[in-house]
Amino acid sequence: MPSLANPTRFLDLAGRLIPWLAALTAILFAVGLYLSFFVAPPDYQQGETVRIMFVHVPAAWLAMFGYTLIAIASLGTLIWRHPLADVAAKAAAPIGATFTLVALVTGSLWGKPMWGTYWVWDARLTSMLVLFLLYLGLIALWQAIEELGRAGRAAAILGLVGAINIPIIKFSVDWWNTLHQPASIVRLGGPTIDSSMLGALAVMAVTFTLLFVLLHVMAMRAEILRRRVRAMQQMQVEHAALAET
Amino acid sequence: MPDLGPHAAFILAAYGFTFAAVAALAFFIVADDRKQRQLLADLEAKGIRRRSANTAGASKPARGRKP
Amino acid sequence: MSSALALLARDVKLAFREGGAIGTALGFYLVVIAIAPLGLGPDLNLLARIAPGLLWVALLLAALLSADRIFHNDYEDGALDVLTTGPLPLPLVAAIKSLAHWLTTGVPLALLAPLLGLLLNLPAEASPFLVLAMLAGTPAVSFIAAIGASLTLGLKRSGLLLALLVLPLYVPVLIFGVAAASAAVAGPASPWPPFLMLCALSLASIVLAPLAAAASVRAALR
């Protein structure tokens, strides 16, 4: 890990890793799609719509994975002062937010044929919505603070506060849900998951994970370059000011 | 494509949205990456060197660390 | 200890002297509750059922409106820098300022709520528990708001950003707060479990939130 703390070495590593990651992701995606549409059987209750699960569930997992990553990166910024920690956190936020949005939309599209409405306030979708709001807050904070040092620390604090709150929010939403819907327990997965569905689900989950890592590494690279550009532009201004005196 | 049943539109919409969202995200990240590399190349062409460009350990001056 | 109390007294006095701050929060609370039925219709049964929820949501918004003043004035005139280097540890300063916000915003809003409940046909039996629940939950509201206030110090549109950052964190307080307020009426569930959860949330916020707020203040002042 100390060797990765050096931005230049990270850029070098990223450059070599990205093509492989991209190729692997594309292949696994093709395999996953094939399994999802041609191998996995239709559900005995839901029919063909169960196939939405193969994008919805991995997206939801990655949404949570993204925030976990941000939480760890936040610790990295605040406690271990790792130089790339805030870059990692900043790069992860939009990616995590996108996966959360995908989980919400696909969940909604899954819900319409199943329950007849595009949205239900069940515990899982509601928690996912709150997670989306937490991501938006992080992104908004990053945008609002100009000075990089403060932005990194502020976002890390917010990230940790959010991470600590997520179990509490989840608990309260679960409780709230049982309060208002004691009779019907809606489970998106359905009562059983066929083992042939597990294969498609697993492949799609790995695909989405690789996709996250790929996009994350690219975004981190872009962010490191952006900071270098900023530094050099500042130097440009300084040189011009010096030249005039 | 096997018969996707009466709710085929929802299934295709779900996969379609997933693909579109991921593609848009990837597009923005790649575009950003390209733009920064272009800006960096322009600045280096003008002869501006990063303060720590000569040392192996690159710190980011913008973060306010004492050099 | 005396310097801590002195800071508390000063902040409370300033809040009252500003006058506008407390009055505006209470006024906002009144306005929101007054126009809600205009949007929802005058059906008293409906209003009675949603009254606890509406009263809580409007309270959260009103409390957030006055949140950025927790650190803002001292940040603007440099007093915050002095406080950072003073005898009191910064988390304690943050805690005192959060406490001042609770005393001058949270408590008045909680005490006004039953009166506004009349507009929403809140049953009279519900009022005592509503106030109790709000008094138990508003410390969490104020202390968490301080985190938002410290993160957004000196930023443009800090009020809106603060609300965006902090409202998702209020979900547990809202859920248990409304449950405690309405269980006393709607029954058969006991209001005490959610009430105790509310107390737990407030206690946890009082201990932990000032640490986050102090760290954010330090980051903003660097």
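This is a predicted model: local features need pLDDT of at least 70, side-chain atom pairs count only at pLDDT 80 or more; totals for chains, interfaces and linings use all residues.
On the side of H3(A), the contact is made by Val87(A), Ala88(A), Lys90(A), Ala91(A), Ala92(A) and Ile95(A), while H6(A) answers with Phe212(A), Leu215(A), His216(A), Ala219(A), Met220(A), Glu223(A) and Ile224(A). Sorted by class, the residues in this contact are 10 nonpolar, 1 polar and 2 charged.

**Chain A as a whole**

Chain A contains 6 helices and 0 strands, so that, in view of how such elements are assigned, its order from the N terminus on reads α-α-α-α-α-α. The C-alpha trace of chain A spans about 80 × 40 × 30 Å along its principal axes, and of the 245 residues in the chain, 47% are buried. Among the contacts in chain A with a separation of 6 or more, 80% are between residues 24 or more positions apart.

**How the chains meet**

There are 2 pairs of chains in contact, and of these, chains A and B share the most contacts. Chain A brings 42 residues to that contact and chain B brings 34 residues. On the side of chain A that touches chain B, at least two residues come from each of helix H1 (7-39), helix H2 (53-80), helix H3 (85-115), helix H5 (148-180) and helix H6 (195-244) of chain A. H6(A) gives the most to this side, with 17 residues, and the residues of the side divide into 25 nonpolar, 9 polar and 8 charged.

Chain A also touches chain C, where 24 residues of chain A are in contact with 19 residues of chain C. The side of chain C that touches chain A draws two or more residues from each of helix H7 (126-151), helix H8 (158-166), helix H9 (171-186) and helix H10 (192-221) of chain C, and by class this side holds 17 nonpolar, 1 polar and 1 charged. Chain B and chain C, by contrast, are joined by no contact, and their closest C-alpha atoms lie 10 Å apart.

**A helix pair in chain C**

In chain C, the axes of helix H1 (residues 2-18) and helix H6 (residues 90-119) come within 9 Å and cross at roughly 40 degrees, which makes H1(C) oblique to H6(C). H1(C) passes H6(C) in a right-handed crossing. The residues of H1(C) that take part are Ala4(C), Leu7(C), Leu8(C), Asp11(C), Val12(C), Ala15(C) and Phe16(C), and they meet Leu92(C), Val93(C), Ile96(C), Lys97(C), Leu99(C), Ala100(C), Leu103(C) and Thr104(C) in H6(C). By class, this contact has 12 nonpolar, 1 polar and 2 charged residues.

The class make-up of the contacts described above is set out here.

| Contact or side | Class make-up |
|---|---|
| Side of chain A that touches chain B | 25 nonpolar, 9 polar and 8 charged residues |
| Side of chain C that touches chain A | 17 nonpolar, 1 polar and 1 charged residues |
| H3(A) with H6(A) | 10 nonpolar, 1 polar and 2 charged residues |
| H1(C) with H6(C) | 12 nonpolar, 1 polar and 2 charged residues |

Definitions and conventions: Residues are numbered from 1 along each chain as its sequence is written. Chains are lettered from A and ligands numbered from 1 in the order in which they are written. Two residues are in contact if their C-beta atoms, placed from the backbone, lie within 7 Å. Helices (H or I, at least four residues) and strands (E, at least two) are DSSP runs, numbered from the N terminus. Ala, Val, Leu, Ile, Met, Phe, Trp, Tyr, Cys and Pro count as nonpolar, Asp, Glu, Lys and Arg as charged, and the others, Gly among them, as polar. A residue is buried if 20 or more other C-beta atoms lie within 10 Å of its own, exposed if 12 or fewer, and partly exposed in between; C-beta atoms are placed from the backbone. Axes are lines fitted to C-alpha atoms, for helices over the stretch in contact, and angles run from 0 to 180 degrees between N-to-C directions. Angles under 35 degrees count as roughly parallel, over 145 as roughly antiparallel, 65 to 115 as roughly perpendicular and the rest as oblique. A crossing is left-handed if the near helix is turned anticlockwise from the far one by less than a right angle, and right-handed if clockwise.
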